[in-house]
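Subject: Structure for you to look at

Dear colleague,

I am handing over the structure that we talked about, and below it you will find my notes on what turned up. Please read them with the structure open beside you.

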Amino acid sequence: MFGLLSFVTEMALMMLEPVYQTYKGLEAADSGGNGLEPNDWRRLLIHWIVYGAFRAVESLAKPWVPFYDLLKIGAIVWLRSGGSDTVYQMIIRPFLAQNEPAIDEWIDQMNRTRETVMAATSVLSAAVTADPDAVEERVPEETMMPDPVLVNPPPVSAEPNTERKDK
């Protein structure tokens, strides 16, 4: 019953207005204007951090919390009326500060994985299009594998080997 109302509330308060403010700030900065004041940028950045955390928690909580949509409307109104700064200062910032080295390592690992996947995708794409020159051009030197060496095994005889070596 409150699903549509919570959706509209979220779009209006958590998405449309902050997206537009972020856009205006970026456009002003790109055109050489003053852009937003540092406190406005800080408020927007905190909003996006808290909103991202809110969406992550929402995906876990929605199936388990009774009257979730009604509670979500209240949470959104509270977050937009100053609650975002409270959540950031009391929960998110301490968590991120405490786990910063582990998070940085995880992000580095994800970036390395992404680079490996992108290199493999380029190689596979070039192989599918049968363009061997593209394979050499797209793959970074450190990801190049040596050419495989094919060994021709001796033919298998249909007759059992009856010779035995004396020890």
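A word to settle before anything else is "buried", which in these notes means under 20% relative accessible area, while exposed means over 50% and partly exposed means in between, all with a 1.4 Å probe and with protein chains only. Please keep in mind that this is a predicted model, in which local features need a pLDDT of at least 70 and side-chain atom pairs count only at pLDDT 80 or more, whereas totals for chains, interfaces and linings use all residues. Residues are numbered from 1 along each chain as its sequence is written, and side-chain values use heavy atoms, with hydrogens and water left out.

The overall picture

The protein has four helices and zero strands, where helices are DSSP runs of H or I with at least four residues, strands are runs of E with at least two, and the numbering starts from the N terminus. Read along the sequence, this gives the pattern α-α-α-α. Of the 167 residues of the protein, 19% count as buried. The accessible surface comes to about 13,500 Å², and 63% of that surface belongs to carbon and sulfur atoms; the areas come from the Shrake-Rupley method with a 1.4 Å probe, and for residues only the protein chains shown count as cover.

As for confidence, pLDDT is the predictor's confidence in each residue, on a scale from 0 to 100. Its mean for the protein is 79, and 77% of the residues reach 70 or more. Confidence is highest in helix 3, at a mean of 89, and lowest in helix 4 (residues 132-138), at 57.

The nonpolar core

A nonpolar core is a set of buried Ala, Val, Leu, Ile, Met, Phe, Trp, Tyr and Cys residues joined through side-chain atoms within 4.5 Å. The largest one here has 12 residues, among them Met 14, Phe 54, Tyr 68 and Ile 92. Two or more of the core residues come from helix 2 and likewise from helix 3 (68-128), and helix 3 gives the most, with six residues. In soluble globular proteins, nonpolar side chains tend to be buried together. If you select Phe 54 and leave out residues up to four places away in sequence, you will find that Phe 54 touches Tyr 68, Lys 72, Ala 75, Ile 76 and Leu 79, where contact means heavy atoms within 4.5 Å.

Charged pairs

A search of the whole structure finds five salt bridges, a salt bridge being a side-chain nitrogen of Lys or Arg within 4 Å of a carboxyl oxygen of Asp or Glu. Side chains of opposite charge can pair when their charged atoms come close.

Which residues surround Glu 58, leaving aside its neighbours within four places in sequence? Glu 58 is in contact with Glu 10, Tyr 68 and Lys 72. Glu 58 lies in helix 2 (residues 38-61), and it counts as buried because its relative accessibility is 7%. Glu 58 forms a salt bridge with Arg 55, with the closest N and O atoms 2.9 Å apart, and these two residues both lie in helix 2, three residues apart, about one turn of the helix. Arg 55 is partly exposed, at 39% relative accessibility.

The side chains of Glu 58 and Lys 72 also meet in a salt bridge, at 2.6 Å from N to O. This pair links distant parts of the chain, since Glu 58 is in helix 2 and Lys 72 is in helix 3, 14 residues apart. Lys 72 is buried, with a relative accessible area of 6%. Through shared partners, salt bridges join Arg 55, Glu 58 and Lys 72 into one network.

Another salt bridge is formed by Arg 42 and Asp 85, whose closest N and O atoms are 3.4 Å apart. Here too the pair links distant parts of the chain, with Arg 42 in helix 2 and Asp 85 in helix 3, 43 residues apart. Arg 42 is partly exposed, at 37% relative accessible area, and Asp 85 is partly exposed as well, at 36%.

A residue in the loop

Finally, please look at Phe 67, which is found in the loop between helix 2 and helix 3. Most residues other than glycine have a negative phi. Phe 67 is not a glycine, yet it has a positive phi of about 55°. Phe 67 is exposed, with a relative accessible area of 67%.

With best wishes
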